[in-house]
Amino acid sequence: MSKFIPAPIAHLSDRFFYRANIRLKLFYAMLALIVALIAAINGAGHYIFTRDFLGYLNDQAQQRMEDMVPRVEQAYRENGSWDFIRDNPRAWFELMKPALLEHNGAAPGPTFTPSDLTGATLRFSLLDANRKLVIGYPGIGPDARLRPLMQDDAIVGWIAQTPFENVIGAIDLRFQQRQFLAQLVIAAVAIMLAAFMVVRISGLLLKPLTRVARATHRLAGGDYATRVEVQSGDEVGRLAQDFNQLAVTLERNEKLRREFMADVSHELRTPLGILNGQLEALEDGVLQPDAQTLRSLKSEVGHLNKLVGDLYDLSLADAGALTYRKTDIDLAPLLRDTVRNYEERFRKRGLDIVAHLPESMPLHADGARLQQLLNNLFENSLRYTDPGGRLELHGSLQQQQWQLLLDDSAPGVDAPALTRLFERFFRVEASRNRASGGAGLGLAICRRIVEAHQGVIGAAASPLGGLRVTVTLPAGLPVRGGRHE
């Protein structure tokens, strides 16, 4: 467009179009379509008229000229020159009359060539051997069709046929004017019809889009409860469904964000409050800096360190930046070492650990992260299993995958809570005190670690009356040459 229109004008027209509302754009599109259709119909009509229709008329005239050539040559032989026909229109028209055709055995009686309804005879001219006009149409042009007249192998004259389009100038001009006026009327009616259709149809098409646009503004303003009614199954209906799904996701994320901030602030406030109170008591002389007080302070600092470390690990996992140094390891010794490390702590709480493991469990994994996974799972059972219970650990190979089952005894977990155990800060009992419960981040970290190893972790009710945690990890060694972190 900029090749034919100055750049500033082209720029302004582009800005005007792109800033126009959809209704105006729809009107412009329909108007352009109508103009293109009218132009195409015009061009096709002109092509058909000039090539096909006029060509047909000229071919008919050519055939009539061929039919009269023998009669004109015969008349020349009988008279010896063209003087008999010069300035004798009657003789000329006699020669141009349709000839009697030979009977071909169909129906009896004479048969004539079709009558001339195109005015071809009025466009014929008779010329002498030097191409000088003898009689007939005088306006012979350079594009006239010439047919030689022969006498004893010598050219004695010519018959010229002037094309049909050369003799209809005034008539053609009037015809074109009438056609142009008719096209203007058709175009005006089409534009009014297009405007009417745009007004009627655009309301139906744009109404659901307008609803989505208004809902989007409310959603952007923080109203996450906004929903759009789905009234159709077309693209606009699917857009409304996607908008509703987006609103649900944003509402859930906002709720999780608020819960996360509340949980983090609560988890940080409690140990900080304890530390502040104990330090003030030490400062006022209420507490003595003995071994018990120092152990209490150290315990609260350790709790803070673990909470901050877990939060840091979760943030790295969410960002995909938690590093994994995977190597070929054997999981069985790692499990046995973990059992030995926790046996004493389980015994002090009156709990037993029973392990049923194969001799070897080779896989490709990050041993440190798997140790973190096992520590969190063992800590979870240690905190929430009633004294006198036990933890059973089973390892087996299932369809080229190592399956770990950790079953502990009562208390169990209600079915609705099982699906939320791996959410951050979720605890089955919101009132659980810090002496037995953690911050609710351990199982969330476990899920991130298992998923990073292309595994699956899930929770279900245990046959022992408590919780069953199932961990599935790919067995064997990975394909050599693959990418490892």
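Tutor: Let us begin with helices and strands: helices are DSSP runs of H or I with at least four residues, strands are runs of E with at least two, and both are numbered from the N terminus. Under that rule the protein has 10 helices and 13 strands. Met197, for instance, has its place in helix α4 (residues 169-220). The model is predicted, so local features need pLDDT of at least 70 and side-chain atom pairs count only at pLDDT 80 or more, while totals for chains, interfaces and linings use all residues. Residues are numbered from 1 along each chain as its sequence is written, and side-chain values use heavy atoms, with hydrogens and water left out.

Student: Why is Met197 called partly exposed?

Tutor: Buried means under 20% relative accessible area, exposed means over 50%, and partly exposed lies in between (1.4 Å probe, protein chains only). Met197 has 32% relative accessibility, and therefore counts as partly exposed.

Student: What makes Met197 part of a nonpolar patch?

Tutor: A patch is made of residues with over 30% relative accessible area and no salt bridge; like charges are joined within 9 Å, and nonpolar side chains (Val, Leu, Ile, Met, Phe, Trp, Tyr) within 5 Å. A salt bridge is a side-chain nitrogen of Lys or Arg within 4 Å of a carboxyl oxygen of Asp or Glu. Met197, at 32%, passes the area cut-off. The patch comprises Leu193, Phe196, Met197, Ile201 and Leu205, with about 460 Å² of accessible area together. Such areas come from the Shrake-Rupley method with a 1.4 Å probe, and for residues only the protein chains shown count as cover.

Student: Why is the pair of Phe346 and Phe378 called edge-to-face?

Tutor: Rings of Phe, Tyr and Trp (its six-membered ring) pair if their centres lie within 6.5 Å; planes under 30 degrees apart count as stacked, over 60 as edge-to-face and the rest as tilted. The count comes to four aromatic pairs. One of them joins Tyr76 and Trp82, which is tilted, with 4.6 Å centre to centre and 45° between the planes. For Phe346 and Phe378 the centres are 6.3 Å apart and the planes stand at 75°, so this pair is edge-to-face. Phe346 lies in helix α7 (residues 331-348) and Phe378 in helix α8 (residues 367-384), so the pair ties together parts 32 residues apart in sequence. Ring pairs also link Tyr342, Phe346 and Phe378 into a cluster.

Student: How do you know that Phe346 and Phe378 are buried?

Tutor: Phe346 has a relative accessible area of 1% and is therefore buried. Phe378, at 0%, also counts as buried.

Student: What makes Arg131 a residue over the face of Trp158?

Tutor: A charge sits over a ring if NZ of Lys or CZ of Arg is within 6 Å of the ring centre and within 35 degrees of the ring normal. Arg131 lies over the face of Trp158 at 4.3 Å from the ring centre. Arg369 lies over the face of Tyr324, at 5.7 Å from the ring centre.

Student: Why is Gln454 called exposed?

Tutor: Its relative accessible area is 56%, and Gln454 is therefore exposed. Gln454 lies in the loop between α10 and β12 (456-461). By contrast, helix α10 (residues 442-452) is mostly covered, with eight of its 11 residues buried.

Student: Which residues does Gln454 touch, leaving aside those up to four places away in sequence?

Tutor: Contact means heavy atoms within 4.5 Å, and Gln454 touches Lys326 and Pro474.
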